[in-house]
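Me: I have a structure open and I'm new to it. Can you walk me through it?

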Amino acid sequence: MIIAIDGPAASGKGTLARRVAAAMDYAYLDTGLLYRATGAKVLAMGGDPDDAAVAVDAAEKLQPKDLENENLRGEEVGNAASRVAAIPQVRAVLLDFQRQLAKTPPENKHGAVLDGRDIGTVVCPEAPIKFYLTASVTERANRRFKQLQEKNPAAIYERVLNELEERDARDSARDVAPLKMADHAIHIDTDRLNADAVYNAVMAHIRTHMGTDD
Ligand code: CDP
């Protein structure tokens with residue numbers, strides 16, 4: 001079983017996907033982390049995230065420990081991630097790993113939950129259950145700002161908002177695997193829903209799909 005969860009930046013995919021994976025005892029892959037780790041590697045080398053050769057080299061050299069770098073969550077890395085993510089060869093390098101994990105989840109788990117931008121459209125178009133999460137950009141900026149503020153009290157709301165808008169525009173406009181809702185995905189607008197309400201709605205859909213809703 002593969003559950004795909006896509007949506008724009010800070011739409012609540014990560015929190016939701018982690019929770020769904022725990023409830024179902026499925027593997028979880030935050031695919032954004034692969035792009036963030038690639039972008040962070042390029043920045044650490046003093047490289048330009050728009051430079052295809054440098055970015056592809058960084059993606060090819062990714063190690064599991066690179067995904068544990070605790071500085072991956074900031075908006076500077078998010079910006080670099082969305083730049084390297086627009087390079088087709090970078091996406092190609094990272095595609096196999098994502099598909100492999102989805103098809104053969106570790107620890108003999110019976111399924112996987114993947115979140116990202118192109119899970120339902122490109123990585124796992126065959127996924128039987130797909131969700132597409134959205135929220136207004138101001139609501140998403142509020143959420144991301146609160147998260148960032150916990151780590152960095154000097155975070156600036158306008159900057160977070162601008163960076164989300166810039167990233168959404170780039171992610172939606174790129175030629176390869178742009179952010180868009182997959183056919184047959186279940187669209188959930190989370191503007192007026194808290195994390196519990198989104199989780200409950202998603203689990204209800206999953207139970208219905210699996211025939212375990214009685
Ligand atoms: O956490 P947030 O929603 O802000 O972003 P993320 O999921 O960590 O993704 C960071 C960036 O990686 C995005 O802005 C995309 O450009 C890119 N990404 C992608 O292109 N495809 C994916 N499947 C996941 C992320």
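Me: Let's start with glycine 7. Is glycine 7 buried or exposed?

Reply: Glycine 7 counts as buried because its relative accessible area is 0%. Buried means under 20% relative accessible area, exposed over 50%, and partly exposed in between, with a 1.4 Å probe and protein chains only. This is a predicted model, where local features need pLDDT of at least 70, side-chain atom pairs count only at pLDDT 80 or more, and totals for chains, interfaces and linings use all residues. Residues are numbered from 1 along each chain as its sequence is written, and side-chain values use heavy atoms, with hydrogens and water left out.

Me: Where is glycine 7 found?

Reply: Glycine 7 is in the loop between β1 and α1 (13-24). Helices (H or I, at least four residues) and strands (E, at least two) are DSSP runs, numbered from the N terminus.

Me: And what is glycine 7 in contact with?

Reply: Leaving aside neighbours within four places in sequence, glycine 7 is in contact with Lys13, Gly116, Arg117, Tyr132, Leu133 and Leu179. Contact means heavy atoms within 4.5 Å.

Me: What does UniProt list for "binding site"?

Reply: The unreviewed UniProt entry lists Gly7, Pro8, Ala9, Ala10, Ser11, Gly12, Lys13, Gly14 and Thr15. UniProt positions are given in the numbering used here, feature names are shortened, and annotations may be inferred rather than shown by experiment.

Me: Take glycine 14 then. Where is its place?

Reply: Glycine 14 sits in helix α1. With a relative accessible area of 23%, glycine 14 is partly exposed. Beyond its neighbours within four places in sequence, glycine 14 is in contact with Tyr28 and Asp115.

Me: Changing topic: in what order do the strands of the sheet run?

Reply: The order is β2-β3-β1-β4-β5, five strands in an open sheet with parallel pairing. β2 (27-30) and β5 (186-189) are the edge strands, each pairing on one side only. On average, neighbouring strands of this sheet are turned by 20 degrees against each other, direction ignored. Two strands pair if DSSP finds at least two bridges between them.

Me: How many bridges are there between β4 and β5?

Reply: Four, in the parallel sense; β4 covers residues 129-134. Leucine 133 has isoleucine 188 in β5 as its bridge partner. Helix α9 (residues 195-210) packs on the sheet, touching β1 (2-6), β4 and β5, and its direction makes about 165 degrees with that of β4. Axes here are lines fitted to C-alpha atoms, for helices over the stretch in contact, and angles run from 0 to 180 degrees between N-to-C directions.

Me: How many salt bridges does a search of the whole structure find?

Reply: The search finds 17. A salt bridge is a side-chain nitrogen of Lys or Arg within 4 Å of a carboxyl oxygen of Asp or Glu.

Me: Which residue does aspartate 196 form one with?

Reply: Arginine 19, with the closest N and O atoms 2.9 Å apart. Aspartate 196 is in helix α9 and arginine 19 in helix α1, so the pair ties together parts 177 residues apart in sequence.

Me: Which residue does aspartate 118 meet?

Reply: The side chain of aspartate 118 meets that of arginine 91 in a salt bridge (2.9 Å, N to O). Aspartate 118 lies in the loop between β3 (112-116) and α6 (119-123), and arginine 91 in helix α5 (residues 88-103), 27 residues apart. Aspartate 118 is buried at 3% relative accessibility, and arginine 91 is buried at 7%.

Me: Which residues are linked in a network of salt bridges?

Reply: Asp50, Arg83, Glu166 and Arg170.
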